[in-house]
Amino acid sequence: MAMDAKEIELKAKALTKAATQNEPPATIIGLLKELQKGVRASEDLLRSTRVGIIVNKFKQHKAPEVARLSSEIVSKWRTEINKNKASGSPSASQRSSGSPRPQNGAASPSPDKAAKLSVPPDKRSWKADGVDVNQTANRIRDSCIGLMYDGLCLNSTEAPRAVLGKAGAVEAAAYAAFGPETKEQYRTKIRSLYQNLKNKSNPKLRVRVLSGEVTPEHFVKMTHDELRSAEQREEDAKIQKQNMDKAMVAQAERSISTSLQCGKCGQRKVTYTEAQTRSADEPMTLFCTCMNCGKSWKQ
């Protein structure tokens with residue numbers, strides 16, 4: 001059963017008290033699980049009750065199970081909010097009177113603009129589409145949402161609202177797995193995801209993420225090989241097979257002679273191979289190498 005704002009505020013205060021009084025992890029986990037089950041996340045609800053900020057702080061808790069659960073809850077709430085925005089839910093998209101305004105002047109798209117493209121697919125970006133990427137009240141994270149939007153919208157005909165929802169979900173998953181935003185691992189992952197989405201030789205990756213075939217949680221943890229297209233992997237397999245075939249070609253067998261003498265060091269430790277380099281009625285050519293000094297010659 002969903003909690004009302006008053007109940008959520010009480011649970012949030014209980015969490016803060018448990019942290020300040022060094023309550024055992026089991027107590028904190030119990031409170032977190034109640035919030036996980038009872039909160040139907042909306043932007044206004046999390047902001048007015050401050051429960052999002054409080055739970056987010058527990059991601060740095062010394063007890064791994066507490067940190068992991070709080071990360072899961074924050075990611076879940078962020079995904080719910082972005083899904084509501086993508087579906088055009090009024091309760092999720094409305095800002096409270098005390099909400100911060102966008103810092104970069106980007107205006108939220110009107111319902112019509114959010115549903116229709118106003119620029120060619122190959123010219124799209126969050127700025128060109130006129131969307132508001134200020135979703136977290138955190139400058140770095142909002143900038144990363146913009147990067148994910150730019151990577152996902154390229155050559156896409158998906159509505160701006162849908163792309164923004166997916167971009168926010170991807171950033172939230174990256175934040176949960178590699179955050180906070182001050183960590184280099186988080187920033188490196190965002191840059192890597194953006195470069196892979198923009199890769200012209202792998203356009204299917206954008207489609208797979210936008211369609212939901214690849215979930216945001218899986219996308220941010222995909223290996224370099226998994227991110228590549230099937231065509232790229234097939235081409236790599238062909239090259240690898242060719243290299244393997246070349247490596248397994250039988251080498252010409254070299255014989256050792258004690259009758260041949262090196263003209264440089266005078267030793268009679270000489271290896272040689274024979275090859276027919278002239279007409280068939282002429283003798284074969286010997287290619288010789290001294291095992292002592294390395295001199296090579298033919299005769």
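I started with Asn 202, which counts as buried because its relative accessibility is 3%. Bear in mind that I am reading a predicted model here. I placed Asn 202 in the loop between H11 and H12. What does Asn 202 touch, not counting residues up to four places away in sequence? I listed Leu 227, Arg 228, Ser 229 and Gln 232.

Next I went to Arg 254, in the loop between helix H15 (230-247) and strand S1 (255-257). Its relative accessibility is 39%, so Arg 254 goes down as partly exposed. Leaving aside neighbours within four places in sequence, I found Arg 254 in contact with Thr 271, Tyr 272, Thr 273, Phe 287, Cys 288 and Thr 289. I also checked the C-alpha atoms of Arg 254 and Thr 271: they are separated by 6.0 Å, with the two residues 17 apart along the chain.

Arg 50 sits in the loop between helix H3 (43-49) and helix H4 (51-57). With 47% relative accessibility, Arg 50 counts as partly exposed.

Asn 155 went on the list too, with a positive phi of about 60° although it is not a glycine. I found Asn 155 in the loop between H9 and H10. Its relative accessible area is 47%, so Asn 155 is partly exposed.

Then the peptide bonds: Gly 179 and Pro 180 are joined by a cis one, with omega about 10°. I put Pro 180 in the loop between H10 and H11.

**Around Tyr 186 and the cores**

Not counting residues up to four places away in sequence, Tyr 186 touches Ile 140, Arg 141, Cys 144, Glu 171, Ala 174, Tyr 175, Phe 178, Gly 179, Pro 180 and Glu 181.

Which residues have the most contacts inside the largest nonpolar core? I wrote down Met 148, Tyr 149, Tyr 186 and Phe 219, in a core of 31 residues. Helix H9 (139-153), helix H10 (160-178), helix H11 (184-198) and helix H12 (204-211) each supply at least two residues of this core. H10 gives the largest share, 8 residues. Apart from this core I noted another, of 25 residues, with Ile 8, Val 66, Leu 69 and Ile 73 among them.

**H1 against H2**

I then turned to helix H1 (residues 5-20) and helix H2 (residues 25-38), which pack at an angle of about 160° with their axes 10 Å apart. H1 and H2 are therefore roughly antiparallel to each other. I logged the crossing of H1 and H2 as left-handed. On the H1 side the contact is made by Ile 8, Lys 11, Ala 14, Leu 15 and Ala 18. H2 brings Ile 28, Leu 31, Leu 32, Glu 34 and Leu 35. I sorted the residues of this contact into 8 nonpolar, no polar and 2 charged.

**Whole-chain tallies**

Last, the totals. I have 15 helices and 4 strands for the protein. How much of the protein counts as buried? The figure I noted is 40% of the 299 residues. Among contacts with a separation of 6 or more, 56% come from residues 24 or more positions apart.

Notes. Residues numbered from 1 in each chain as written. Predicted model: local features only at pLDDT ≥ 70, side-chain atom pairs only at ≥ 80, totals over all residues. Heavy atoms only, no water. Core = buried A, V, L, I, M, F, W, Y, C linked by side-chain atoms within 4.5 Å. Buried < 20%, exposed > 50% of the residue type's maximum accessible area, 1.4 Å probe, protein only. Contact = heavy atoms within 4.5 Å. Axes fitted to C-alpha atoms, helices over the stretch in contact; angles between N-to-C directions. Parallel < 35°, antiparallel > 145°, perpendicular 65-115°, else oblique. Left-handed = near helix turned anticlockwise from the far one by under 90°. Nonpolar A, V, L, I, M, F, W, Y, C, P; charged D, E, K, R; others polar.
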